[in-house]
Amino acid sequence: MWNRLILILPVTAVVFSCTRPKLDSKDNLRNYYREDFKIGAALSADDIVQKTPLESKLISEEFNTLTAENVMKWEEIHPLPDVFEYDVPDELIKLAKINKQEVIGHTLVWHNQLPEWVVQDEQGNLVDSTTLFQHIENHINAVANRYSGDIKGWDVVNEAISDQGGYRNSKFYQISGKEFIFKAFEYAAKADPEAELYYNDYSMYRPEKCDDAIRLATEIRKRGLRIDGIGMQAHWQMNSPTIEQIETSILKIHKAGFQIHFTELDIDVLPYAYNIEGANLSDNFESNPKLNPYKEGLPDSLAEAQGKRYQEIFKLFYKHGDKIERVTFWGLDDGSSWKNDWPAKGRTNYPLLFDRDFKPKKAYEMIMSVKKEPT
Ligand code: XIL
């Protein structure tokens, strides 16, 4: 009998290995799009420090790049002139090393989540440009230097272009005109010569805004400074922007010679009753029940429609995979998305690929079927 078993075993093993579904190397986002672009997620401090085993699994399996959602912003990492808060960012770097993932630094110079001392003196007057540049230099030297070698790329300057065209009239701009932008790129290149450097903004599908960003990036290069790519944030709605608008921006940025990163993708499914575009944090509205219709759950029809919307977007990304470096989702799951609180507080939104239990939604499935199997 033992002889027979020994004879049978190898045969069954062969049969088993043939009939078993082939181990699919494309069964997660990062593998599915490996040849096309990197896939990332922005992580909150909770995602970094207090994640559950399920979150850990998602983070490590689905993504090959991570962005700090908040913990590397100026007010978090450098709240006072001599105080730096490196604990959680350090954890992010450790996590990425364990998972063999790249880290994107977000963001060195941004008018939001910025401590007042950077731009104002104790009397509340704007500081002069020499003082501002000193603050920016100290900040970038400290932060970008600390993580040099660990960061794939920095969003060096975020949202310096206004929605109306031209530069945003931030305190940075009031103090120095556009010069603060060039200084930031100059200091970042010195502090971390290996990191890629990006300019990042929202509503980049709008032709004027995209043109302004390209003009700025081109001027950075003309001044002999380094900039590698342009980040399109991609906080989008179900119907806006159109695929054609996104494609036009991809083609323009590529033609101008810059890498393209989709840096903060999410698709808002709630009623959009606001007369605003983009992702300006200072736009904040009162919620009311009409604006928060899916408190009890995402209706199947809407999950399906969102899936289709994501699929159309990823078809476009796939088509231009040779021009796109990275697509990062702004958050891990619907429950922790910033879109529950913006542009109105306390709503129940569903903008991402994973639900509040970290289960893949219809949108995940539909993104994973963008490339048709060969027939
Ligand atoms: C958002 C975060 O997701 C929120 O947690 C925070 O309260 C506000 O900022 N554009 C950006 C991101 O570049 O940094 C913003 O992130 C969303 C809009």
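The largest cavity is lined by Tyr202, Ser203, Tyr205, His235, Trp236, Gln237, Ser240, Pro241, Gly278 and Ala279. On a 1 Å grid over the protein atoms alone, a cavity is a set of points where a 1.4 Å probe fits but cannot get out, whereas a pocket is an open set with protein on both sides within 12 Å along at least five of seven lines; lining residues have an atom within 4 Å of a point. The model is predicted, so that local features require pLDDT of at least 70 and side-chain atom pairs pLDDT 80 or more, while totals for chains, interfaces and linings use all residues. Residues are numbered from 1 along each chain as its sequence is written, and side-chain values use heavy atoms, with hydrogens and water left out.

The lining of the largest cavity comprises five nonpolar, five polar and no charged residues; here Ala, Val, Leu, Ile, Met, Phe, Trp, Tyr, Cys and Pro count as nonpolar, Asp, Glu, Lys and Arg as charged, and the others, Gly among them, as polar. The space in the largest cavity amounts to about 50 Å³, a volume being the space filled by probe spheres set on grid points that are joined across faces, edges and corners. In total, the structure contains four cavities of 30 Å³ or more.

The largest pocket has a volume of about 260 Å³. Its lining consists of 19 residues, of which Lys73, Gln113, Leu281, Trp330 and Trp338 lie nearest the centre of the pocket. By class, six of the lining residues are nonpolar, seven polar and six charged.

The ligand sits in the largest pocket, in the sense that more than half of its atoms lie within 2 Å of the grid points. Around the ligand are 14 residues, the closest being Glu69, Asn70, Lys73, His106 and Glu264; a residue is near a molecule if one of its heavy atoms lies within 4 Å of it. This shell divides into four nonpolar, six polar and four charged residues.

Polar contacts were taken as pairs of N or O atoms within 3.5 Å. A polar side-chain atom of Glu69 is 2.4 Å from an oxygen atom of the ligand, and an N or O atom in the side chain of Trp330 lies 2.9 Å from a ligand oxygen atom. For Glu159, a side-chain N or O atom is 3.4 Å from a nitrogen atom of the ligand. The ligand taken alone exposes 410 Å², of which the protein buries 84% (Shrake-Rupley method, 1.4 Å probe).

Backbone geometry was also examined. Most residues other than glycine have a negative phi, and most peptide bonds are trans. The peptide bond from His106 to Thr107 is cis, with omega near 0°, and Thr107 is placed in strand E3 (residues 102-109). Trp342 and Pro343 are likewise joined by a cis peptide bond, with omega about 5°.

Methods:
A polar contact is a pair of N or O atoms within 3.5 Å; within protein, one must be able to donate a hydrogen and the other to accept it, and residues adjacent in sequence count only if both atoms are side-chain atoms. Helices (H or I, at least four residues) and strands (E, at least two) are DSSP runs, numbered from the N terminus.
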